[in-house]
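Welcome to this structure! Here are a few notes to read alongside it, arranged as numbered points.

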Amino acid sequence: MTRIVLVVPTGHGVGLTATCLGLVEALLQQAVNVGFYKPLAQPGPAGPVTDRSTGLIRLTTALRPPEPLEASEVERRLGDGALDSLMEDVLAASEPLLHEHDVLVVEGLVPGSGLVYSGRVNLLLAKALDADVLLVGAPTDTDIDHLAETMAIAARSYRAGEHDRVVGAVVNRLPAADAATVERLRVALEGRGIPLVAALAYRESLIWPRLRDIMAGLNVTVLNEGDHDRRVKGVIVAAQAVPGVLPLLQEGRLVIVPGDRHEVILSVCLAAMNGTRLAGLLLTVGLEPDPRVWALCEPAVTTGLPVLLTEEYSYETATLVRGFDNEVPVDDAERAGAVMSAVADGFDPGWLAGLPTPSHVPRLSPPAFRRRLTTAARKADRRIVLPEGAEPRTLQAAVICQESGIARCVLLAPPRDVAAQAAGLGLNLPASLEILDPADFGGHHVEALVAARRHKGMTVEVARDQLADPIMLGTVMLHLGEVDGLVAGAIHTTAATL
């Protein structure tokens, strides 16, 4: 028999969609045959919009849930008092999913301006589907008892006599999710009869939009196309002189400046040429740079730096950018995947294991395979050398692998180059990440290369020259057993690596 879990919010902006995505991902990682269903579309600020949750599930998984009933149709039915026929349509659409899956995650409605019926409809859904209820909340301040009481009030709607539909609570966007805070939250909720199944700290990186998403809400002219998929991690309004702006030119920053501030424009372009991957340069007040200045910027724009122009003033432009809707767009697979993984990792494995019915048959889904592979890599604890240590993508990957414990990474590059590249990318290098300067190697590495290739006429002088190539140096380290593996190819060709 299929287990139905209705996920409902206890307020507005608590991360309902993110929780549903994460719960589906967590169950897929547990090899559970899980489905997703959003019965009723969420109306947007200016009327009904295409359902975001259904689109994101289709984007990130192999699931193909049905389209929800349009919000206008739901409102018409509610106005006519046709609640029974509305729930019958919901049940009819859910029947194929109940036959296909062991667990069905159902997303409820979020309360909002003009949506006074959301709580009543969520209760009707719980009764019609005979669903268990998972509450989702987020603190508006640091008062944990207030949050717990708010969730307890919401839970009372789903209790009838001795029957309690609420099977757990997810708390998102905690200022901190340290052990002490989570334990206080757990005690506060369990004291009100609600088990805590996930507590997640606020992560700013999960709300970083792409530049293209911000452009959709602005009236801009594109001066240089560049890479519109760059993440906007911060906004700078360049009101200071160049010395004050320079420390702010970091990876992911969108620089807003009037088009006649040529000294700032040139500074931004120099930073881009030096490897700082800015989100973009947005020129305001409709002023294009002087053609002679723009000619000097040519090498910078070839790095992929987007350059945009708007007729608005800098302050108004910055206000529009900061007021951008931070919901995940239905075509942003990268960000949706990051949200799913972050939320999935926060769920209590024991609670997840209790969701499938006894008839559940485990299967190895793609997320479950990735999870198993990552876990095996952590257990193996291998030391991997990365000869292209200062290359941006390699450096970012090394930081991720080191922080997640997938491998012990060794970067072959001058430490100053790695530090400069990390600063430009906005990366914090883990203390455990090894950075070795190829110039410091010699001795037994030279001897090992001579011994391995003496039959081909290798001499000490030739060996020293060849070890100046980090690929060759990393290969000798692998030959000597100093590392367990080598990864390269971001800069070098496959032939050079082999």
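1. Strand E16 (residues 383-386) and strand E19 run parallel, and two bridges join them. Within this pair, Val385 has Leu486 of E19 as its bridge partner. Please keep in mind that this is a predicted model.

2. Where does this pair belong? E16 and E19 are part of an open sheet of four strands with parallel pairing, in the order E18-E17-E16-E19. At the edges are strand E18 (434-436) and strand E19 (485-486), each of which pairs on one side only.

3. Another set of parallel strands is worth a look. Strand E12 (residues 234-237) runs parallel to strand E13 (residues 253-258), and four bridges join the two. Here Ile236 has Val255 in E13 as its bridge partner.

4. E13 is also joined to strand E14 (residues 280-284), by five bridges, and these two strands run parallel. Between E13 and E14 the chain passes through helix H10 (residues 262-273), making a β-α-β crossover that is right-handed.

5. Which elements do the buried residues of helix H13 pack against? They pack against helix H8 (211-215), E12, E13, E14 and strand E15 (307-310). In helix H13 (residues 314-322), the buried residues are Ser314, Thr317, Ala318 and Val321. Looking down the axis of H13, you will find these buried residues within an arc of 100°, so they line one face of the helix.

6. The buried residues in H6 are Ile144, Leu147, Ala148, Met151, Ala152, Ala154 and Ala155. Seen down the axis of H6, they fall within an arc of 160°, so they too line one face of their helix. Their packing partners are strand E6 (132-137), strand E7 (159-160), strand E9 (166-174) and helix H7 (179-190).

7. Finally, what caps the N-terminal end of H6? The residue is Asp143, with a side-chain oxygen that lies 3.2 Å from the backbone nitrogen of Asp145.

Conventions
Residues numbered from 1 in each chain as written. Predicted model: local features only at pLDDT ≥ 70, side-chain atom pairs only at ≥ 80, totals over all residues. Heavy atoms only, no water. Pairing = 2+ DSSP bridges. Right-handed = clockwise from strand over helix to strand, strands pointing away. Buried < 20%, exposed > 50% of the residue type's maximum accessible area, 1.4 Å probe, protein only. Arc of directions from axis to C-beta. Contact = heavy atoms within 4.5 Å. Polar contact = N/O pair within 3.5 Å; in protein donor to acceptor, adjacent residues only side chain to side chain.
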